[in-house]
Amino acid sequence: LEPLESREVHKIRDFVIIIDTSYSTKGELVESFLKETFSILCQEESFFRKAKLHVIQCDEKIQEDIVITKPEQLEQLFSDFTIKGGGNTDFRPAFSYVNRLAEEGQFDCLCGLLYFTDGYGTFPAKMPPYDTAFIFMKDDYRDVDVPPWAIKLILDTQALERERTAEHDEY
């Protein structure tokens with residue numbers, strides 16, 4: 001039996017993950033965050049068949065934009081991953097960059113943006129036309145006034161570290 005062609009399936013088409021690469025960013029936590037996020041995204045059936053994932057590093061300017069369209073590219077990302085930047089944090093250049101990509105037609109259907117950060121920076125004043133979540137690490141978290149149009153999520157650093165250690169022990 002084949003699945004019904006008329007069945008509505010909600011698939012993530014285009015997605016953006018932005019990593020705050022200011023001086024306070026820790027490489028191991030960023031890598032753990034990315035691996036956990038990718039494992040969740042890849043649980044979606046046929047995620048990479050027509051999906052595009054941008055992994056952007058940004059401090060006060062765009063440092064790198066890696067586009068991932070196949071699972072093999074994830075392996076390459078982690079084997080070569082280094083944090084680029086180290087300056088101050090400003091969220092506005094990343095949003096301007098993503099908005100420009102959208103205007104240029106680089107996305108088929110931009111479903112959302114995750115911004116992994118310590119929160120010390122200047123937020124954009126205007127709401128973007130896509131869902132946005134700012135993700136903070138519990139250890140570095142301070143009560144940040146995230147704009148009302150964004151989601152604020154606080155991750156437990158110790159839980160993420162335990163997950164990374166358990167994953168490492170499996171190998």
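The sulfur of Cys 111 lies 4.0 Å from the closest cysteine sulfur, that of Cys 109, which is too far for a bond. A disulfide here means a pair of cysteine sulfur atoms within 2.5 Å. Across the whole structure, the search finds zero disulfides. Cys 111 is partly exposed, at 29% relative accessible area. Cys 58 is buried, at 0%. Buried means under 20% relative accessible area, exposed means over 50%, and partly exposed falls in between (1.4 Å probe, protein chains only).

This is a predicted model: local features need pLDDT of at least 70, side-chain atom pairs count only at pLDDT 80 or more, and totals for chains, interfaces and linings use all residues. Residues are numbered from 1 along each chain as its sequence is written, and side-chain values use heavy atoms, with hydrogens and water left out.

Now the overall layout. The chain has four helices and six strands. Both are DSSP runs, numbered from the N terminus: helices are H or I with at least four residues, strands are E with at least two. Along the sequence, the pattern reads β-α-β-β-α-α-β-β-β-α. Of the 171 residues in the chain, 40% are buried. The accessible surface is about 10,200 Å², and carbon and sulfur atoms hold 49% of that. Those areas come from the Shrake-Rupley method with a 1.4 Å probe; for residues, only the protein chains shown count as cover. Among contacts with a separation of 6 or more, 60% join residues 24 or more positions apart. A contact means heavy atoms within 4.5 Å.

Next, the sheet. Its six strands form an open sheet, ordered β3-β2-β1-β4-β5-β6, with mixed pairing. The edge strands, β3 (62-68) and β6 (151-155), each pair on one side only. From one strand to the next, the twist averages 20°. Strands pair if DSSP finds at least two bridges between them. Helix α2 (residues 71-80) lies across β2 (52-58) and β3, and runs at about 150° to β3. Axes are lines fitted to C-alpha atoms, for helices over the stretch in contact, and angles run from 0 to 180 degrees between N-to-C directions.

Look closely at β1. Seven bridges join β1 to β2, and the two run parallel. Six bridges join β1 (residues 14-20) to β4 (residues 110-116), also parallel. Ile 17 has Val 55 as its bridge partner in β2 and stands opposite Leu 114 in β4. Ile 19 stands opposite Phe 116 in β4.

Finally, the aromatic rings. The structure holds eight aromatic pairs. Phe 91 and Phe 134 form an edge-to-face pair, at 5.3 Å centre to centre and 65° between planes. Phe 91 sits in the loop between α2 and α3 (92-103), Phe 134 in β5 (residues 131-137), 43 residues apart. Phe 91 is buried at 0% relative accessibility. Phe 134 is buried at 0% too. Tyr 115 and Phe 134 have ring centres 5.6 Å apart and planes at 25°, so this pair is stacked. Tyr 115 is buried, at 0%. Rings of Phe, Tyr and Trp (its six-membered ring) pair if their centres lie within 6.5 Å; planes under 30 degrees apart count as stacked, over 60 as edge-to-face, the rest as tilted. Ring pairs join Phe 91, Phe 95, Tyr 115, Phe 123, Phe 134 and Trp 149 into a cluster.
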